[in-house]
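Here's a quick look at some backbone and packing details. Have the viewer open as you read.

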Protein chains: 2
Amino acid sequence: MTETAGILGGTDSERIVVDAMGGDHAPGEVVAGTIIAAREHGVRPILVGQAARIRQILAAHDALGEIPIVNAEDVVAMDEGALAGLRRPRSSVAVACRLIRRGYASALVSAGSTGGVVATSRLRLRGQPGVTRPAIAVVLPTRPRPTVFLDAGATADAKPEMLVQFAMLGTAYARVRLGVETPRVGLLTIGEEAGKGDKLTRRAYELLAGDVEGVDFAGNVEGSDLLTGKVDVVVTDGFTGNVALKTIEGAVRLAVAEMRQALTASRTAKLGALLQRRRLRHLRHRLDSETYGGGVLLGLNGTVVIAHGSSHAPGVAAACVLARDLAQSRIVEQIGERIAANRPHRLPRREESR
Amino acid sequence: MTETAGILGGTDSERIVVDAMGGDHAPGEVVAGTIIAAREHGVRPILVGQAARIRQILAAHDALGEIPIVNAEDVVAMDEGALAGLRRPRSSVAVACRLIRRGYASALVSAGSTGGVVATSRLRLRGQPGVTRPAIAVVLPTRPRPTVFLDAGATADAKPEMLVQFAMLGTAYARVRLGVETPRVGLLTIGEEAGKGDKLTRRAYELLAGDVEGVDFAGNVEGSDLLTGKVDVVVTDGFTGNVALKTIEGAVRLAVAEMRQALTASRTAKLGALLQRRRLRHLRHRLDSETYGGGVLLGLNGTVVIAHGSSHAPGVAAACVLARDLAQSRIVEQIGERIAANRPHRLPRREESR
């Protein structure tokens, strides 16, 4: 990577790196999406992956020279486990993380397998000072405004203190992503009263109810509140969060399927149903894509936008724009300040090796 | 209760007790539902609660003398916590449990608050030999056939060994309730591979994958599989189970609401929508009521059917029929045999104090 600085022309905190090799339709759709982001939204990306293939695709879009490329020969397949990627320092995600560590960019976009991206970026970016474990934040399509939900699966065995940190991550994210000045944070558990839940959430409740600076704690919420927009941020551990998120996915699928069946069951309803088919598809797409369109891994020294593995060019472009917006609003620094304000002894922040 | 034996005419393992005072519409709808169960389905119930009020309602239905009454003066309100009921030995649930302990009946129906019913019946019925903690089993409305899901919230902090016991409870219940000879059991976790999940599920996987007699373990399932009917029984801890169940409820509500909006958004669709409104209502009702219509608390010395708090007479009647069916099929004994077959040292079963 000795040539990197030359290619990129110095460090740049608003530049993003895109893992060209991650995703079901990589690298073709990923590169195409990156071009859209650059041309139509002014995003300044770096593509990381097998340079020869990337160049070919750029050429096909008449975009050679528009986007810098950093070569990474090794590719981690979608179905490889999280550990497979860890052993490969030349994988596109690993190289992308190094670019961030060295200050050439401050956010990463990957449509690679979530487990692999999380494991590799945790290892290579490391947690930002004061954050014990990272969390994946997703935006649930609630009305009238969306809800930030975390952790969607980065940290399965969380401790109460981590849930408090997740509340800070989620607060910073909701401010940037949803533009809510003082997001209300709920703790996902069973039963609304303070004493309800398992050991983890009961202790987390105590910690959150005691003054956490910069977090507006609104108490417990239940699974049925997840999609009602009752609070702006819902905090949970990565195990419960992942189960809940996938349960939403399954339930919406079932409901749409049943609905479709109900709509076509009677002859009177058939004509209307025909007209509505596109709407049904749209609805499911909306619920699916807003929920699963992408998660953002927060709490590391650099933000990682995990796009849906099945993303096509528009999805990748949207993920690039999100990554750029998060970089521009200095989400990592915002989280850092919140964490620092709540550390028992305000140690000077560890200097980063940038 | 010295007069009980006289009223009831001896012990009876197929008789059920109904908590007349539990539920949003108690005692009116509860008593009315019990009468339906007795008259139309041949159920033989005992009503427990404030005798004077029950007698009045029976009289209004011209059913005085048809159903025995056991008096319990104390009433636990729907919004009282779980602990409130524990302190009250003369509550209708406590008295009902005593009738079961003494052999006058073998199952209980209550539409009272779940937390209260679970706490009281755990204390008064106690776990059957070899079962460390009870679990609430619900039936999810999957296609082509339903799925038994447990624990829906009785035991929030479960240990791996308890999840194995829940697998046995669920297997016995699926056989009786769904008529599946060898139910396939899945473990709810995140990621399908053996090593995925949190500490609890990873250890539970190891235990279940090692031969558990009478349990056909099919491996891990994810939240998105909950409603696909992939397995007959899904096992999880009471925290995750309750969150997942309430998440389904919330997701289905959102999907139906969105669908309704989509259907009425265009003028062409409006006529069709009018015709379909009843279908939409029916769908939501089906998904709601089958899922939340009632849970069954398994693993105690007596089965407890927890009807929905908002149950009207037909819901109570259905719960009574279910309780009778479970009593008839000797679900407690079936669970006992399965547990006994898997105990490391096959101790003789502790004699019950019946």
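Which handedness does the crossing of helix 2 of chain A and helix 11 of chain A have? It is right-handed, the term for a near helix turned clockwise from the far one by less than a right angle.

## Ground rules

This is a predicted model, where local features need pLDDT of at least 70, side-chain atom pairs count only at pLDDT 80 or more, and totals for chains, interfaces and linings use all residues. Residues are numbered from 1 along each chain as its sequence is written, chains are lettered from A and ligands numbered from 1 in the order in which they are written, and side-chain values use heavy atoms, leaving out hydrogens and water.

## The helix pair

Helix 2 (residues 28-41) and helix 11 (residues 313-328) of chain A pack at about 55°, with axes 7 Å apart.

On the helix 2 side, the contact (heavy atoms within 4.5 Å) includes V30(A), I36(A) and H41(A), while helix 11 brings in residues including V316(A) and R324(A).

## Cis peptides

L150(A) and D151(A) are joined by a cis peptide bond, omega about 5°. In chain B, the bond from L150(B) to D151(B) is cis too, with omega near 10°. D151(B) sits in the loop between strand 6 (147-150) and helix 7 (160-178) of chain B.

## Positive phi

D62(B), not a glycine, has a positive phi of about 60°. D62(B) is exposed at 67% relative accessible area (exposed is over 50%, buried under 20%, partly exposed in between; 1.4 Å probe, protein chains only). R126(B) has phi near 65° and is partly exposed at 49%.

Conventions: Axes fitted to C-alpha atoms, helices over the stretch in contact; angles between N-to-C directions. Helix = DSSP H or I, 4+ residues; strand = E, 2+ residues; numbered from the N terminus.
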